[in-house]
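Subject: A structure for you to look at

Hi,

Here is the structure I promised to pass on.

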Amino acid sequence: MKKETNKIASKSSIEWTETTWNPTTGCDKVTAGCKYCYAEVLSNRLMHMGLKKYKNNFKLTIHPSSLNAPYQWKKPKVIFVNSMSDLFHKNVPLGFIQKVFKTMNETPHHTYQVLTKRSDRLAEISKELTWTDNIWMGVSIEDSRVLKRLDHLKQSGAKYKFLSLEPLLGPLLNLNLQGIDWVIVGGESGKKARPMEEQWVLDIMKQCKSQTVKFFFKQWGGTNKKKTGRLLRGREYNAMPTLKSQKLISNKILTKKLQLKSVQAVKLLEG
Ligand code: SF4
């Protein structure tokens, strides 16, 4: 992993983004979706590898020195904010969240994807944040017990709103997707991955279609996610919102990336 303070960004292997930026690291588990948190496992590995940024392992840590990194990335990027943490964690001061937003506001050539499970805090402080249209705000929903996150997201001032239904742990029926631009679905991966049923995915896809919401199928997951791949009934679903500011560039980057990944996926399935 490359240092974010360098001019080079940290590339991501996550299918729906390009780069990660972590002005905070570490977190605490809140609901069932957190059980096998990949950020916790990765933080531990990075700490043992001696990376200074992860010296506190998975304890919530603020990194003011990371705030300026996106200014140094001259080429437009699609950036997943806090892949290793949750920006709306109660221990991240409002003033620091506002600084993260200031960086995002002042770098309109980038597109930022912010994802949280602390949707109650998002709704609570949304009015104190400046929502430029390069910020996509999302909430994670793993099962029907945390559906209130969808309402909280709708209450926020974000111009673009998305759902990450991953790891999907149960059916999600009767979703009201009004005001939602994008839905990502994915199964859990790893040694102890909990299973995701095809019918749950199909039900969500149907709801997206009938409510004209873009649908992205990320992966089946399981113990060997490369083998299970990301084909749903024989095809990939890669829809995502189109950007005003970066329509051409980011689509080119993502299309290229997704094409590459699909070639790799097909090779793996054939191999
Ligand atoms: S909220 Fe996200 S980062 Fe935090 S413990 Fe849960 S899954 Fe991990």
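Below is what I found, going from the whole chain down to a single residue.

First, two things to keep in mind. Residues are numbered from 1 along each chain as its sequence is written. This is a predicted model, so to speak of local features we need pLDDT of at least 70, while side-chain atom pairs count only at pLDDT 80 or more, and totals for chains, interfaces and linings use all residues.

How confident is the predictor? pLDDT is its confidence in each residue, from 0 to 100. The protein averages 89, and 86% of the residues score at least 70. Residues 1–6 are below 50, and this stretch has 13 contacts in the model beyond near neighbours in sequence (a contact means that two C-beta atoms, placed from the backbone, lie within 7 Å). Residues 262–271 also stay under 50, with seven contacts beyond four places in sequence. Where pLDDT is low, the predicted coordinates should not be read in detail.

Now the overall picture. Of the 271 residues, 39% are buried. Buried means that 20 or more other C-beta atoms lie within 10 Å of the residue's own, exposed means 12 or fewer, and partly exposed is in between, with C-beta atoms placed from the backbone.

Eight strands form an open sheet with mixed pairing, in the order β1-β2-β5-β6-β7-β8-β9-β10. Two strands pair if DSSP finds at least two bridges between them. The edge strands, β1 (10–11) and β10 (214–219), each pair on one side only.

Six of its six residues are buried, so β6 is largely enclosed by the rest of the structure. T111, Q113 and L115 point one way, and Y112, V114 and T116 the other. In a regular strand the side chains alternate between the two faces of the sheet.

Which strands does β6 run parallel to? One is β5 (residues 78–81), joined to β6 by four bridges; there, I79 has Y112 as its bridge partner. The chain gets from β5 to β6 through helix α3 (residues 94–105), in a right-handed β-α-β crossover. Right-handed means that, with the strands pointing away from the viewer, the path from the first strand over the helix to the second runs clockwise. Another is β7 (residues 135–140), which has five bridges to β6. L115 is partnered with G138 of β7. From β6 the chain crosses through helix α4 (residues 119–125) to β7, and this β-α-β crossover is right-handed.

Back in helix α3, find Q98. It has 14 C-beta neighbours inside 10 Å, so Q98 counts as partly exposed. Q98 touches E128 and L129, leaving out residues up to four places away in sequence. Q98 and L129 are 31 residues apart in sequence, yet their C-alpha atoms are 6.2 Å apart.

Finally, the ligand. Around it sit C27, K29, V30, G33, C34, C37, A39, E40, S85, D86 and K117, where being near means a C-beta atom, placed from the backbone, within 6 Å.

Enjoy exploring!

Conventions
pLDDT is the predictor's confidence in each residue, from 0 to 100. Helices (H or I, at least four residues) and strands (E, at least two) are DSSP runs, numbered from the N terminus.
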